[in-house]
Amino acid sequence: MTSVIDRLRKRRAYPMRIDGETIYIRAFTKAERKEFKPLANEEESYGYVMGCGLVNQDGSCLFPRDEGEDAKAFAQRVEDAADLPDDTRAQICTAIVKLSEGPTIDQLKALKKN
């Protein structure tokens, strides 16, 4: 059973086209969602979302978190490193947050029918 859970926990990488480029994003983990809540209305939220949600094609972190780094410091480091235009940054973050919200009510109903 453990090997099945380990395989399910593997980071998924979903392709996203933006400005003619393909990038890869993933959904938050439960721990990341919990850590994100206090930052949701802060400027650091963009850096946190990109830091957690942007991945390489193989699902590995694009911005690995430094040991002992708190959420705000991590977010600021990612924001500084990425230095993206506001519209691009917002588009990426919106896609990651939407992916992290989970299935909709209609999607859950469809699953129950199967």
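Predicted model: local features only at pLDDT ≥ 70, side-chain atom pairs only at ≥ 80, totals over all residues.
Me: What makes the 20 residues a nonpolar core?
Reply: A nonpolar core requires buried residues of the nonpolar kinds joined through side-chain atoms within 4.5 Å. The largest such set has 20 residues, and those with the most contacts inside it include Ile 23, Phe 28 and Ile 96. Two or more residues come from each of strand S1 (14-18), strand S2 (21-25), helix H3 (45-53), helix H4 (71-82) and helix H5 (86-100).

Me: Which residues are said to be in contact with Tyr 48, leaving aside its neighbours within four places in sequence?
Reply: Contact means heavy atoms within 4.5 Å. Phe 28, Glu 32, Glu 35, Phe 36, Leu 39, Arg 65, Ala 71, Phe 74 and Ala 75 are the residues in contact with Tyr 48 on that basis.

Me: Why are S1 and S2 called paired?
Reply: Pairing needs at least two bridges, and S1 and S2 have five, so they count as a pair, in the antiparallel sense. Within this region, Arg 17 stands opposite Thr 22 in S2.

Me: What share of the protein is called buried?
Reply: Buried means under 20% relative accessible area. Of the 114 residues, 31% are buried.

Technical notes
Residues numbered from 1 in each chain as written. Heavy atoms only, no water. Buried < 20%, exposed > 50% of the residue type's maximum accessible area, 1.4 Å probe, protein only. Helix = DSSP H or I, 4+ residues; strand = E, 2+ residues; numbered from the N terminus.
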